[in-house]
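Hi,

Here is the structure I promised to pass on. Have a look at it first, and my notes follow below.

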Amino acid sequence: MEQDQALHSRRSITLKFDIPISKTHEFWDALRQSRFVTTKCKKCGQVTFPPQADCPRCMSNEFEWADVGPDATLVTYTYVQVTPASFAENDPYIIAIGEFAGGLKVLAWLEGIPHEKAKVGMKLKVEERTSKEGNPFYVFVPA
């Protein structure tokens with residue numbers, strides 16, 4: 001019985017991340033200009049998303065910014081009908097993984113299409129949005 005209550009709970013969870021903004025501000029600044037960029041390790045060439053302060057492959061902290069471009073292909077998606085409390089005002093919604101040129105995969109919400117019309121392999125574009133709190137974020141939309 002207790003397990004059932006836990007499965008149907010709509011508890012909110014507050015997460016706080018201490019990420020040094022000095023190493024990722026380029027991403028947010030570019031996003032505000034409708035550009036989608038990420039980090040590329042200068043030592044081994046690894047391209048990572050989300051942008052990283054340190055390379056997950058070789059642990060170097062020397063990186064450059066790489067313009068990913070707006071075009072992606074839908075790899076997979078899920079239609080979320082039962083949402084966590086923190087997204088309750090947005091439900092239902094689609095979460096998708098889009099693949100950019102070079103194989104970089106990014107997770108984002110897919111907007112502008114009913115879930116019945118989403119198809120693996122369809123062309124997407126990444127677009128910038130601004131939350132009601134004024135924070136930038138990105139979504140996929142059909143191309």
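The protein chain has two helices and eight strands, where helices (H or I, at least four residues) and strands (E, at least two) are DSSP runs, numbered from the N terminus. Read from that end, the order of elements is α-α-β-β-β-β-β-β-β-β.

Please keep in mind that this is a predicted model, in which local features need pLDDT of at least 70 and side-chain atom pairs count only at pLDDT 80 or more, while totals for chains, interfaces and linings use all residues. Residues are numbered from 1 along each chain as its sequence is written, and side-chain values use heavy atoms, without hydrogens and water.

Three strands form an open antiparallel sheet in the order 2-1-3; strands pair if DSSP finds at least two bridges between them. Strand 2 (47-48) and strand 3 (63-67) are the edges, each pairing on one side only. Five bridges join strand 1 (residues 37-41) to strand 3, with Thr38 opposite Ala66.

Ser60 sits in the loop between strand 2 and strand 3. With a relative accessible area of 13%, Ser60 is buried (under 20%; exposed is over 50%, partly exposed in between; 1.4 Å probe, protein chains only). Leaving aside residues up to four places away in sequence, Ser60 touches Cys41, Lys43, Ala53, Asp54 and Cys55, a contact being heavy atoms within 4.5 Å.

For the whole protein chain, 29% of the 143 residues are buried. Of the contacts with a separation of 6 or more, 48% come from residues 24 or more positions apart.

Best wishes
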